[in-house]
Amino acid sequence: MRIEYDIKLGFKDVMIRPKRSTLKSRSQVSLERKFTFLNSKVEWNGIPIMAANMDTVGTFEMATALAQQKLFTAIHKHYSITDWNVFSSNAPEGIENHIAISTGTGLQDAEKLASIFQFNPHFKFICIDVANGYSEHFVNFVKQTREKYPDKVIIAGNVVTGEMVEELLLSGADIVKVGIGPGSVCTTRVKTGVGYPQLSAIIECADAAHGLGGQIISDGGCAIPGDIAKAFGAGADFVMLGGMLAGHNESGGELVERNGKPYKQFYGMSSQTAMEKHVGGVAKYRASEGKTVEVPFKGNVQHTLQDILGGLRSTCTYVGAERLKELTKRTTFIRVAEQENRIYTK
């Protein structure tokens, strides 16, 4: 047993200090980024905000809406091969640049991934997703996937420490997904005591990834647009959103009515709801590690995207970053005990 005594920080622990700026308007800020990925050498251009690969968020409908504004969607792994083929036949041109096919690490997962690519070889991104990215089996699956698909972009996660980011990149991943326990419907920290405050995880993992020429995704913990700005300021290359994109027309989840008001169901992918839906229930050797909630219905996702992107542009003007790429260099975090005046917060 050992204890690390330096304090680890989450989004609520800091704010971004403003700096002199030559920017006259938010309209001068460019949120697009260009990357050439480490192992696949694929080039990508877009706004590096992602919908999470949860079946209540990472839907085909969400992908179509986000791609219109050059945002990205990690499609959840529970669509069938037929679903993928139908989507591909009707998808808008260029959608392959803004979606990833998600997969687990089992033999059936690998076979399904191969079948999807057989019909859709133009798709470019694979998201290998497990809750615990520290297992030897996971690393080996990343290696095998890289050997089989040398020209595909591989996203792998989740981890929260620099040494594991390095191992995954050296094993063939292009982008590493960072986050254990910060999600709004994740109970891993409660059930296991395991986790890492998200801001500090981003800082540590970004440093490790960028030293090797790789990228990271901050996955989880963003509740408001300001959290997305903090994630980018801390060094994240991409930011993945779950709860902030739940509850829309394009989101999955059952639409229900409570006291005359519409809500949509939103749940963690390790929740009892998800496991009953996809694998027949919670296995006897494990526990549910996710919540099931009802999110007030928000309408079309475009309204939420305007709020998110507008807030991010405003952050950039406060620190003088004309491009999103410059935000990290222009960011100074200050430790705080208070974020906002909540007197009129319901």
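Is Gly181 buried or exposed, and what is its relative accessible area?

Modeller: The model is predicted, and what follows should be read as such. Gly181 has a relative accessible area of 12%, and because the cut-off for buried is under 20%, Gly181 counts as buried. Gly181 lies in the loop that runs between strand S9 (175–178) and helix H6 (188–192). Once neighbours within four places in sequence are set aside, the contacts of Gly181 are Cys186, Thr188 and Arg189.

The loop between S9 and H6 also holds Gly183. Gly183 has a relative accessibility of 26% and is therefore classed as partly exposed, since that class lies between the buried limit of 20% and the exposed limit of 50%. With residues up to four places away in sequence left out, Gly183 touches Gly220 and Gly221. According to the UniProt record, an unreviewed entry, the annotation "binding site" covers Gly181 and Gly183.

As for the sheet, three strands form an open sheet in the order S12-S13-S14, with antiparallel pairing. Strand S12 (255–258) and strand S14 (292–296) are at the edges; each has a single partner strand, so one side of each lacks a neighbour in the sheet. From one strand to the next, the twist averages 45°. The antiparallel pairing of S12 with strand S13 (residues 261–267) runs over four bridges. Glu257 has Pro262 in S13 as its bridge partner.

Conventions. Residues numbered from 1 in each chain as written. Predicted model: local features only at pLDDT ≥ 70, side-chain atom pairs only at ≥ 80, totals over all residues. Heavy atoms only, no water. UniProt positions renumbered as here; feature names shortened; annotations may be inferred. Helix = DSSP H or I, 4+ residues; strand = E, 2+ residues; numbered from the N terminus. Buried < 20%, exposed > 50% of the residue type's maximum accessible area, 1.4 Å probe, protein only. Contact = heavy atoms within 4.5 Å. Pairing = 2+ DSSP bridges. Axes fitted to C-alpha atoms, helices over the stretch in contact; angles between N-to-C directions.
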